[in-house]
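Here is a short tour of one protein model, written for someone who likes to see the cut-offs. Have a look at the fold, and then we can go through it together.

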Amino acid sequence: FSLVCSSAFVKRAQAVANDLGGAVLGSDARLIKRGDRAATHVITEHRTLKYYLAIMHGVWAVTEKWVSASSQARAWVDEQPYACRFDPAKMGADTMEDLAEDLDATGVLRGVEAARRGDAQRFFAGRKFCLHGPAFPDSAPSKGDFKLLIEAGGGTVVDEIGPGVIVVYGGVEPDSEMESLEQSLPSGAELLSSEALLLVIRTRQLPAAWTAVEPDFRPSAAPSKQRKSSTAAQPRANDAAYRRTMKAKGFRVPKAKPPF
């Protein structure tokens, strides 16, 4: 196993890796995928860049408890119960049913399964993103980090807004400015907040409007042991209830077009 973890946990992780067989690559998130050498596990206690990159690359993102449990068992233990989840109500979860209801763990599991199929880095394949605005909020990854995440998922970051481009905006902008930007978008382009994009990455779940247009890029299926999802048809982009839900989650959707 090759591990990437926080700088504060490197010594502890290395000691366990020495005993069980493995290596700690370091604490830099970019070590998750560098040349021919790639990490197999990311160890983190927070939603860091490492965590999001692990999901995009299909690498296990686990908590420090996985290392401690492995040390006690004197062997690397099953990762599933230790998949990262940061919802306090789910911290004690240890069954697939519990994990299936936690967005953090669901994204990790979907990423790992996608990697097993060999298509982890096709999540954003064929999609173009433009990072709009001078700066993103301090609480969010930087523009450079977003570029890493998008490219890790097979997407492309462009400088100009054009047809079909997903415009990602950071920070809080006046409604009037956002409405003006939305009205000026070329055909097929759409707005998406930086927080909404992180949610897409965290769950490895593309918005229904995207998958309805390009079914070849549907998200990875959840593990078979998870609870079955509803078989109801995906809502259309023009559906009023769907549009309200998407906007409430931070997604910017183009104004509904007439059906003819």
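## Strand pairing

Strands pair if DSSP finds at least two bridges between them.

Strand E7 (residues 128–132) runs parallel to E9 (residues 165–169), joined by 5 bridges. E7 also runs parallel to E8 (residues 156–157), with 2 bridges.

## About the model

This is a predicted model, with local features needing pLDDT of at least 70 and side-chain atom pairs pLDDT 80 or more, while totals for chains, interfaces and linings use all residues. Residues are numbered from 1 along each chain as its sequence is written, and side-chain values use heavy atoms, without hydrogens and water.

## Nonpolar cores

A nonpolar core is a set of buried Ala, Val, Leu, Ile, Met, Phe, Trp, Tyr and Cys residues joined through side-chain atoms within 4.5 Å; buried means under 20% relative accessible area (1.4 Å probe, protein chains only). The largest core has 55 residues, and Phe129 and Trp210 are among those touching the most other members. Helix H2 (residues 49–57) gives the most to this core, with 7 residues.

A second, separate core of 9 residues includes Val167 and Met178.

Definitions and conventions:
Helix = DSSP H or I, 4+ residues; strand = E, 2+ residues; numbered from the N terminus. Buried < 20%, exposed > 50% of the residue type's maximum accessible area, 1.4 Å probe, protein only.
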